Amino acid sequence: MSENHAFGVDVGGSGIKGAVVDLDTGEFVGDRIKILTPRPATPDAVAETIVEILDRAGWAGPVGVTLPSVVRDQTAHLAANIDPSWVDTDCAGLFARHLPGREVCVLNDADAAGLAEARYGDERARAGSVVLLTFGTGIGSALLHDGELFPNTEFGHLIVDGKEAEHLASAAVKERKELSYPKWAKRVTKVLRAYEDLLWPTLFIVGGGISRKGHKWVPLLENRTPVVQAKLRNTAGIVGAAMAADQGLRP
Ligand code: BGC
């Protein structure tokens, strides 16, 4: 085990994924391990899955864990896309029971992606007022100023056109409603307009699985703020979680 390695776990709606991360490069060391998210994805069921991932990886060092939730003082406060029993969960207590004596840092999934992008990704993430958005089951947000994170923004829940932004324009909505890229891009434009009118960022960075097909929709956006694809794609959550573990970050 090198001191420049840490373990990150990304808890998502469909899979829980973990890997050892080389903190010098932001790359995975060895394979990413993925286990389907248990149903229901209660705190104990998710924690047991994380223990299994760590066992499979043979990892005994510090661990960072992302959640699709506001995480303040290691307490989860929201559960829009995860089992409702996470609301008010004391994550420090949860992991003290499942991983006794281990150092575990829990943080919001999009915040982890923002930290990772600012350190290892597009250099433009490190300067100015940047909003990084992840499009998946929901819309996650990370607000960065000169690379520093303002944690726990929840822009996916802003009301746009009478609906929560993530109910209008997440990747899951595109799939469910079988929207074409041009139709979906119109919805994303609306959401980004609401954000740019409130925040006047210098740049949007778009991530999440659908950013891999960014060439099909990013050029269709009609926002005044430049929009670029995240450099780190589906590794960002794990890498950010590992950074949190390494730095003892508990936003
Ligand atoms: C959650 C956020 C999360 C985002 C992406 C939203 O529904 O409230 O905390 O970052 O989904 O997973």
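Helices, of at least four residues, and strands, of at least two, are runs assigned by DSSP and numbered from the N terminus. With these labels, a position in this predicted model can be described by the elements on either side of it. Asp88, for example, is found in the loop that runs between strand β6 (75-76) and helix α2 (91-98). The backbone of Asp88 has a phi near 70°, a positive value in a residue that is not glycine. Most residues other than glycine have a negative phi, and most peptide bonds are trans.

Arg39 and Pro40 are joined by a cis peptide bond, with omega about -10°. Pro40 belongs to the loop between β3 (27-36) and α1 (43-57).

The chain may next be considered as domains. The domain assignment gives domain 1, made of residues 5-111 together with 235-247, and domain 2, made of residues 124-230. Between the C-alpha centres of domain 1 and domain 2 there is a distance of 24 Å.

How do the two domains meet? In domain 1, 10 residues are in contact with 14 residues of domain 2. Together the two domains bury about 820 Å² between them, and 49% of this area is on carbon and sulfur atoms. Of the area that domain 1 buries against domain 2, Asn81, Ala110 and Asp111 supply 57%, more than any other three residues.

On the side of domain 1 that touches domain 2, β5 (71-72) and α3 (109-120) each supply at least two residues. The residues of that side comprise five nonpolar, three polar and two charged ones.

Finally, the model includes a ligand. Which residues surround the ligand? They are Pro68, Ser69, Leu78, Ala80, Asn81, Asn108, Asp109, Ile139, Gly140, Glu154, His157 and Glu166. For Glu154, a polar side-chain atom lies 2.6 Å from a ligand oxygen atom. In the side chain of His157, an N or O atom is 2.7 Å from an oxygen atom of the ligand.

Terms used:
Residues numbered from 1 in each chain as written. Predicted model: local features only at pLDDT ≥ 70, side-chain atom pairs only at ≥ 80, totals over all residues. Heavy atoms only, no water. Domains from an automatic or database assignment. Contact = heavy atoms within 4.5 Å. Buried area = accessible area lost by both parts, 1.4 Å probe. Nonpolar A, V, L, I, M, F, W, Y, C, P; charged D, E, K, R; others polar. Near = heavy atom within 4 Å. Polar contact = N/O pair within 3.5 Å; in protein donor to acceptor, adjacent residues only side chain to side chain.
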